[in-house]
Amino acid sequence: MSGVDAASAAVQNRILRKVAVRLMPFLCLLYFVNYLDRVNIGFAGPNGMNDELGMTATIFGFASGIFFLGYLVLEVPSNLALHRFGARKWLARIMITWGAVATVMAFVPNATTLVVLRFLLGVAEAGFFPGIILYLTYWFPAAQRARAVALFMAAVPVSSAIGATVSSVLITSGHGVFGLSGWRFMFLVEGVPAILLAFVTWFYLTDRPSEAKWLTAEERTWLSAQLDAEREQTEAEHSWPLRKALTHPRILALAFVYFGIAYGLYALGFFLPTIIKGFEQQYGAELSTMETGLITAIPYAIGAVAMVIWGAHGDRKRERVWHVALPLLLGGLSIPIALYMGNPFLAMVAVTVCAVGVCSALPTFWALPSNFLAGAAAAGGIALINSLGNISGFAAPYITGALKDATGSQRAGLWIVGIVMVAAAITVIALKAAPRTDSPPQN
């Protein structure tokens with residue numbers, strides 16, 4: 001490396017490190033709270049909610065998954081609003097509304113009301129995740145983006161790992177507080193942080209590098225110039241306007257890939273506590289609520305480490321396709337065998353391998369659309385991929401629950417998880433990283 005290149009790399013590393021230290025811990029905290037409010041119904045179900053509200057596995061799966069139909073309705077317009085009005089204001093608005101709905105869930109009188117509130121929770125949260133993925137493109141060049149997304153999305157397995165323990169503690173120790181059942185107390189306590197953090201978000205986040213007073217004038221100029229040049233190059237090479245980003249078959253194919261990743265994520269997120277509870281019947285193991293929470297945390301804790309390492313490896317190698325496909329194949333082939341193991345230890349090994357696969361595929365996947373989308377097209381395209389892909393958040397728990405009711409076993413549902421993940425891996429290999437730049441423009 002020449003002296004000039006070394007000096008430029010040192011400047012880049014210093015500025016991006018400063019950006020990461022400022023933004024990433026806070027964004028991770030926001031996503032931790034977001035994801036926990038999204039999946040804590042998975043802890044409530046087998047710990048009193050299903051019995052108290054008279055819910056079958058099918059109804060529980062429907063209530064878990066209808067959240068994502070609300071997501072589907074408003075995801076794209078929400079992300080376009082964030083692109084127009086800025087992340088600071090729009091994310092704060094999202095957090096206040098989702099926190100209010102999440103808190104009200106503590107007082108549901110019946111399953112019908114729970115289903116309605118879960119739908120409204122999805123409406124309230126629409127735009128949060130793709131908004132932050134878009135926001136990261138405003139701050140990190142493409143070569144460092146998978147690592148940044150991996151650090152942010154590490155909040156998913158960390159939320160699942162820590163959240164499993166926290167939720168179990170709240171359910172166990174909160175029973176009877178304010179006259180509420182333990183699962184109701186959990187909903188109440190876990191909904192409030194989103195409202196409080198909304199006010200912090202309003203004052204803490206910075207919309208663009210050019211507005212960052214916590215960078216020096218030289219740092220602001222350098223980072224803005226780098227990102228503007230990269231965006232202009234992307235637009236010149238691929239020329240994807242917003243309308244094309246919302247209608248092109250490639251976007252729909254990427255949405256299917258994300259559907260496969262998220263299918264595995266949500267099948268585990270909503271049903272892993274129930275699967276582990278089932279060890280009592282299958283293997284004769286007696287587990288308390290706390291023990292179930294601690295065991296649930298293991299796959300996600302390992303997945304969090306794998307996610308960051310794999311995302312950094314993809315950036316270092318400048319390779320995306322196989323860094324998505326290989327983890328998907330690993331997870332898809334491992335999960336169906338989990339419940340065929342002869343003891344709970346081997347079953348948890350298989351589940352953990354699946355969790356590692358899902359977590360490792362997530363961050364590098366989100367580097368794929370930004371290879372050829374920029375500006376409003378990136379806002380709309382990323383939101384559309386996320387909203388269509390998150391249909392799996394409805395399909396996975398509902399299909400898994402329905403198959404459990406129909407067969408009396410979790411096995412059929414987990415076979416579907418594996419098949420969908422392998423199909424997604426094959427699709428991303430066929431797509432490659434980006435469309436050819438020498439193809440004729442498509443309007």
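Modeller: A word on pLDDT before we start: this is the predictor's confidence in each residue, from 0 to 100. The model here is a predicted one.

Colleague: Thanks! What is the mean pLDDT of the protein, and what share of its residues reach 70 or more?

Modeller: The mean comes to 82, and 89% of the residues reach 70 or more. Helix 11 (residues 182–204) has the highest confidence, at a mean of 93, and helix 15 (residues 279–283) the lowest, at 65.

Colleague: Where does pLDDT stay under 50?

Modeller: Over residues 438–443, for which the model has three contacts beyond four places in sequence. Where pLDDT is low, the predicted coordinates should not be read in detail.

Colleague: How far apart are P109 and L53, in sequence and in space?

Modeller: They are 56 residues apart in sequence, yet 7.6 Å apart in space, C-alpha to C-alpha.

Colleague: And the protein as a whole: what share of its residues is buried?

Modeller: Buried means under 20% relative accessible area, and 57% of the 443 residues are buried. The accessible surface comes to about 16,800 Å², with 67% of that belonging to carbon and sulfur atoms.

Colleague: How many helices and strands does the protein have?

Modeller: There are 21 helices and zero strands. Among contacts with a separation of 6 or more, 83% join residues 24 or more positions apart.

Methods:
Residues are numbered from 1 along each chain as its sequence is written. This is a predicted model: local features need pLDDT of at least 70, side-chain atom pairs count only at pLDDT 80 or more; totals for chains, interfaces and linings use all residues. Side-chain values use heavy atoms; hydrogens and water are left out. Helices (H or I, at least four residues) and strands (E, at least two) are DSSP runs, numbered from the N terminus. Buried means under 20% relative accessible area, exposed over 50%, partly exposed in between (1.4 Å probe, protein chains only). Contact means heavy atoms within 4.5 Å. Accessible areas come from the Shrake-Rupley method with a 1.4 Å probe; for residues, only the protein chains shown count as cover.
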